[in-house]
Structures are given as structure tokens and as C-alpha cells.
Amino acid sequence: MTTILHIDSSVRAIDNDNPAHNSLSKNIAKTFLDSWRESNQIDEYIYRDVGVNPPHFISQDWIGAVFTPSDKRSAAQHQQLQLSDTLIDELTRADIILMSTPMYNYGMPAQLKAWFDQIIRINKTFDFDLARGDQPLRPLLSGKTLVLITSCGEFGFGKGEVNEAHSHLTPHIQTLSKYLGVQVMFEIASEYQEFNDKRHQDSVTKAHHDAAELAKTLSTQQQEIQHANAV
């Protein structure tokens, strides 16, 4: 069985009266899904648009509830963690995480950061043991694939490129991804949006093409895994 957890985080809708306002990252993620469905079924599809419906920011009360043993939490503390528990359950069930995000001010949208903050939680997605020395944190989940779809107004944020030092989007997500249980990560990026020239159009076209091809590849791999498990 294949479970895809799809997280969109742009504040823009996928389809607007003015097409110039359509979310690039959401549309590229849609291309990935459409291509997957042409190649293979999705047994369970979980969708969150955190750009439009953002999770709550964590608070002092939230942290207090997290660090209170479960059997000692008040009803209010259990309620405080209800969304976090739901989001973690969705993540735990996923084989593939499809995440689309624009670059806002060289980093991730606050709404997406709020999603990460609700999910990266002690004794749920990581544990902590000082016996491990200077690396006491250990992820508790594993075996997941992350497909990261990004869009940005400028360009050259990849490794060794002209704006590499200014990107706090993909490196941040890559660092956090181990606490999602990610073992394999792919990124598909569209660039040059603010320039709105041929370079931008070429970049968007390539991103849609790469998303479709990656979906075919990953869906085939999932079919092979399912077949091997069934034998």
C-alpha cells in the first residue's frame, strides 16, 4: 500500500481569477500527483493546505503539555496537543511526503514552520538521551521519501550556485526532514519568478516535466516493492 501525505504551504490558491496569481508550487505538486495517478494507484491520500489553513503556533502551554507525562496531563493539556497528535499520525502513516513551498524572505513560510513545530516532538518523532554524548537527539521514524517542490523569485540557490548562501529554505527543510523519518529526498525547483522572462518560463516548464517524470519513477518503485512483499 502507498500512502502519500501532501503538504501545500503557499498562501496563494492553485487557481485564481487572475492566472498570474496562481501558486506555482501547488501547481507543480499537482502535476506530480496527476502523473503518479496515471502510473499507479494511491491507496491513501492525506492532504493539508497549511498556507490556507495554518496550524496553531506552539505556545508555553503547548510546551508544558508536551513535557508532562501523558498519564498526568489534564484534559486541557490533551486538548492542547490534539492537533499535534493528528498531524503526527498523518506523518507516521505516510510512505511519500509531497511538500510544496514558496520561498518567502529566503526561508519557509511561517505556516509551514508551524507545521514542523507541531510535528517535531519529543518521544513522538524523536527521543533524547544524554548517553549519546554530543548528539543526544535520535529520530524515531524512518523509511520515508520526501519530494520537495519549491518556487522562488530569484535564482541560483543550489549547491555551488551564486545565491547558495542566501537560501534558508531547502537547507532548513533538509535538516528537519530526518525528524520526519525521511531517508531519500528529491527537490524540484522553479526560479526567476520576479524576472518573469523566458528563464522563468523555461524553469517552470522544466519543473513540471521533472515532477511528472519523478512521479513515474517513484510510483514504479512502489509497485515493485509491493510486488516483492506480496511474493
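Helix H4 meets helix H5 through Leu-83, Ser-84, Leu-87, Ile-88 and Leu-91 on the H4 side and Trp-115, Gln-118 and Ile-119 on the H5 side, where contact means heavy atoms within 4.5 Å. By class, this contact has 6 nonpolar, 2 polar and no charged residues; Ala, Val, Leu, Ile, Met, Phe, Trp, Tyr, Cys and Pro count as nonpolar, Asp, Glu, Lys and Arg as charged, and the others, Gly among them, as polar. H4 covers residues 82-93 and H5 residues 110-119, and they pack at an angle of about 90° with their axes 8 Å apart. The two helices are therefore roughly perpendicular to each other, a term for angles of 65 to 115 degrees. Axes are lines fitted to C-alpha atoms, for helices over the stretch in contact, and angles run from 0 to 180 degrees between N-to-C directions.

The model is predicted: local features need pLDDT of at least 70, side-chain atom pairs count only at pLDDT 80 or more, and totals for chains, interfaces and linings use all residues. Residues are numbered from 1 along each chain as its sequence is written, and side-chain values use heavy atoms, with hydrogens and water left out.

The secondary structure comes to 7 helices and 7 strands, taken as DSSP runs (H or I, at least four residues; E, at least two) numbered from the N terminus. An open sheet is formed by 5 strands in the order E2-E1-E3-E6-E7, with parallel pairing; two strands pair if DSSP finds at least two bridges between them. Strands E2 (44-49) and E7 (182-190) stand at the edges with a single partner strand each, so one side of each is left without a neighbour in the sheet. Strand E6 (residues 144-151) is joined to E7 by 8 bridges, and Leu-148 has Glu-187 in E7 as its bridge partner.

H4 lies across E1 (3-8), E2, E3 (96-102) and E6, and runs at about 135° to E2. H5 also packs on the sheet, where it touches E1 and E3, and its direction makes about 145° with that of E3.

The loop between helix H6 (170-177) and E7 contains Leu-180. This residue is buried, with a relative accessible area of 0%; buried means under 20% relative accessible area (1.4 Å probe, protein chains only). Not counting residues up to four places away in sequence, Leu-180 touches Leu-91, Ile-97, Met-99, Trp-115, Phe-116, Ile-119, Leu-141 and Lys-144. The C-alpha atoms of Leu-180 and Ile-97 are separated by 9.1 Å, although the residues are 83 apart along the chain.

Terms used
Angles under 35 degrees count as roughly parallel, over 145 as roughly antiparallel, 65 to 115 as roughly perpendicular and the rest as oblique. Buried means under 20% relative accessible area, exposed over 50%, partly exposed in between (1.4 Å probe, protein chains only).
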